[in-house]
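Morning, everyone. Please take a look at the structure on the screen, and then we will walk through some side-chain contacts.

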Amino acid sequence: SMACKGIFGKDRDGPIDPARLPRKKTAVQLPKRGEADVKTDGVGLLRRHPKVAVVCSHNSGGAYFGEQFVNFNRVYVKGLKDVRLVDCVCFLKNGGILAIDWKHPTDWKEPDWDWLVAKEMREGLRGMLSKDEAKELGQKRFLDTVAALPNGIGIFVTDVSMVLDALERIA
């Protein structure tokens, strides 16, 4: 029989070798997961999911040139202003659309959308809304537009399980 080393020393049935015992317990450090990790996992799942026909992943909707933000992707929806393209748009085999904006798994909290819309109406989009508030409000408009379509789903996602839940609801 082969001897099993580890904490037992030369063989499994022998005495424990104190030199092989852990000195102290250390917590396992999991790598910090961010928005990019959620996006990578989610796009990988979508590319392989049997209900998804096409996955369009957008790496960037714009960039800052000094203080000026330039938006590369324009979205026009009748009756709405400042709609922003989200991170991922999928065409489903049932003819529907799944739109996703990936968010940081622990740092992002869904804002009070009604309060943001009221703030925008009171102060104007270019007024007191922060850049992040304006961006997320534009993304929310896109997601809501998609969700209003037949077989449309529009969601903010902080965990891949949320994508699976959405895909489970599809006939």
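**Rings and charges**

Start with Trp-113. Its relative accessibility is 11%, so Trp-113 counts as buried. Keep in mind that this is a predicted model.

Now, the rings. How many aromatic pairs does the structure hold? It holds two. Take Trp-108 and Phe-156. Their ring centres are 5.0 Å apart, with 35° between the planes, and the pair is tilted. Where do these residues sit? Trp-108 is in the loop between strand S5 (97-102) and helix H2 (113-123). Phe-156 is in strand S6, residues 152-157. They are 48 residues apart, and the pair links distant parts of the chain. Both Trp-108 and Phe-156 are buried.

Next, Trp-113 and Phe-156. Why is this pair stacked? The planes of the two rings are at 10° and the centres 5.5 Å apart, so the pair counts as stacked; the cut-off for stacking is under 30 degrees. Trp-113 belongs to helix H2 and Phe-156 to strand S6, so this pair ties together parts 43 residues apart in sequence. And Phe-156 itself? At 8% relative accessibility, Phe-156 counts as buried; the limit for that is under 20%.

On to the charges. The count comes to four salt bridges. Let me show you some of them.

One joins Lys-103 and Asp-101, with 3.1 Å from N to O. Are these residues buried or exposed? Lys-103 has a relative accessible area of 4%, so Lys-103 is buried. Asp-101 is at 1%, so Asp-101 is buried too.

Lys-103 also forms a salt bridge with Glu-136. Here the closest N and O atoms are 3.4 Å apart. Glu-136 is in helix H3, residues 131-147, while Lys-103 is in the loop between S5 and H2. They are 33 residues apart, and this pair links distant parts of the chain. At 14% relative accessibility, Glu-136 counts as buried. Which residues make up the network of salt bridges here? Asp-101, Lys-103 and Glu-136 are linked in it.

One more bridge. Glu-133 pairs with Lys-119, and their closest N and O atoms are 3.2 Å apart. Glu-133 lies in helix H3 and Lys-119 in helix H2, so the bridge ties together parts 14 residues apart in sequence. Lys-119 is at 11% relative accessibility, so Lys-119 counts as buried.

Definitions and conventions. Residues numbered from 1 in each chain as written. Predicted model: local features only at pLDDT ≥ 70, side-chain atom pairs only at ≥ 80, totals over all residues. Heavy atoms only, no water. Phe/Tyr/Trp six-rings, centres within 6.5 Å; stacked < 30°, edge-to-face > 60°. Helix = DSSP H or I, 4+ residues; strand = E, 2+ residues; numbered from the N terminus. Buried < 20%, exposed > 50% of the residue type's maximum accessible area, 1.4 Å probe, protein only. Salt bridge = Lys/Arg side-chain N within 4 Å of Asp/Glu carboxyl O.
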